[in-house]
Amino acid sequence: MRSNRVIGTIDFHTAGIGMRLLTSGLGRLPGSTIADKRRWFQEHLDDLRTGLCLEPRGHRGLLIAVMTEPVTPAAHFGLFFIYPGGYYVSCGEGTIGAATVAVETGMVSRTGDETAVLIDTEAGVVETIARSAGDRVREVTLRWTPSFVALPGQVIEVEGVGEVSVDIAVGAGNVFAIVEAAHLGLSVQRSLAKRIAQRGMAVRHAVNAQLQVEIPDLGKTSVDNVLVHELPDAGGVSRKCPRLGPGPGRRRSLWVGHVRAHWPSSIIGASWASDPRSSARGCSGSASPPASAARRWSRAGGRRSCPRSPAPRT
């Protein structure tokens, strides 16, 4: 098979969600910001997104963190995120995995049991600390850019359900609708994952059809993500779907949880240590850049050839 590009990647998972880190093969991407680099990639190399994310090299649920050169003096590297449907501004699970890979492979030199890794993203610099035991990273802590609730307590009409209350929340450039599972006639269980996804899509359609969402620095925008959660159990911990994460959805639900005094874990039972103690002013209240810690990961390296005929776009 003839190919015009060979891409270096490392596959990993963070608490059960499998992802991929693209480490080499792109060359230096033009642009003075991560957003510039992502836009250049989108305009000139989007066939690589589909070629790497879709079968046979990927699958419909795959998210890839693309490593770039840093754009701020103190950062070690930059990241933007691609998936079969397009691009994400940030991803906590992907950032945790990238920091882990960087330390364990020597891309970032260890500085003892705790190694600080600064990562440029489209939303700004993310501060991470990789904590090691022996030669393995066992935990990564993230300190994020501010999160905030943009539109609390919005009522929408969801097909097949009726009136539903949702919160619209933001962080690191991602916009989420957050809804209680009970309002959709559901509970957060693995066995109901398909129904949760179906109702979540109905919520997303209703939000974008019925609400005007305007975010500081973003302007008018659509809501692409929905997070379904439950109220706390006797132990004071709620559950949420998507199935895990300290990423954008985790940060949104964390701040809503901070306002309402409940804290989510994941649909697979993973828990995340979080601390929303730093605050900044948001568009409808305080914002918080919570620190999240997560564990458990593995990796495998590989090289992927991209043929001359690009994969079809999605």
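**Figure 1. Contacts across the whole protein chain.** In this predicted model, 62% of the contacts between residues at least 6 apart in sequence join residues at least 24 apart. Of the 314 residues in the protein chain, 51% are buried. The accessible surface comes to about 14200 Å², and carbon and sulfur atoms account for 48% of that surface.

Figure 2. Let us zoom in on β3, which covers residues 64–68. This strand is mostly covered, with five of its five residues buried. Here is a handy way to read its side chains: I64, V66 and T68 point one way from the strand, while A65 and M67 point the other way. Residues on both sides of β3 are buried, from I64, V66 and T68 to A65 and M67.

**Figure 3. Strand β3 beside β2.** Now for the first neighbour in our tour. Strand β2 spans residues 17–24 and pairs with β3 in the parallel sense. Three bridges link β2 and β3. To find your place in this view, look for R20, whose bridge partner in β3 is I64.

**Figure 4. Strand β3 beside β4.** Next comes strand β4, made up of residues 77–83. Strands β3 and β4 run antiparallel and are joined by five bridges.

How values were computed:
Residues numbered from 1 in each chain as written. Predicted model: local features only at pLDDT ≥ 70, side-chain atom pairs only at ≥ 80, totals over all residues. Heavy atoms only, no water. Buried < 20%, exposed > 50% of the residue type's maximum accessible area, 1.4 Å probe, protein only. Helix = DSSP H or I, 4+ residues; strand = E, 2+ residues; numbered from the N terminus. Pairing = 2+ DSSP bridges. Contact = heavy atoms within 4.5 Å. Areas by Shrake-Rupley, 256 points an atom, 1.4 Å probe, with all protein chains shown as cover.
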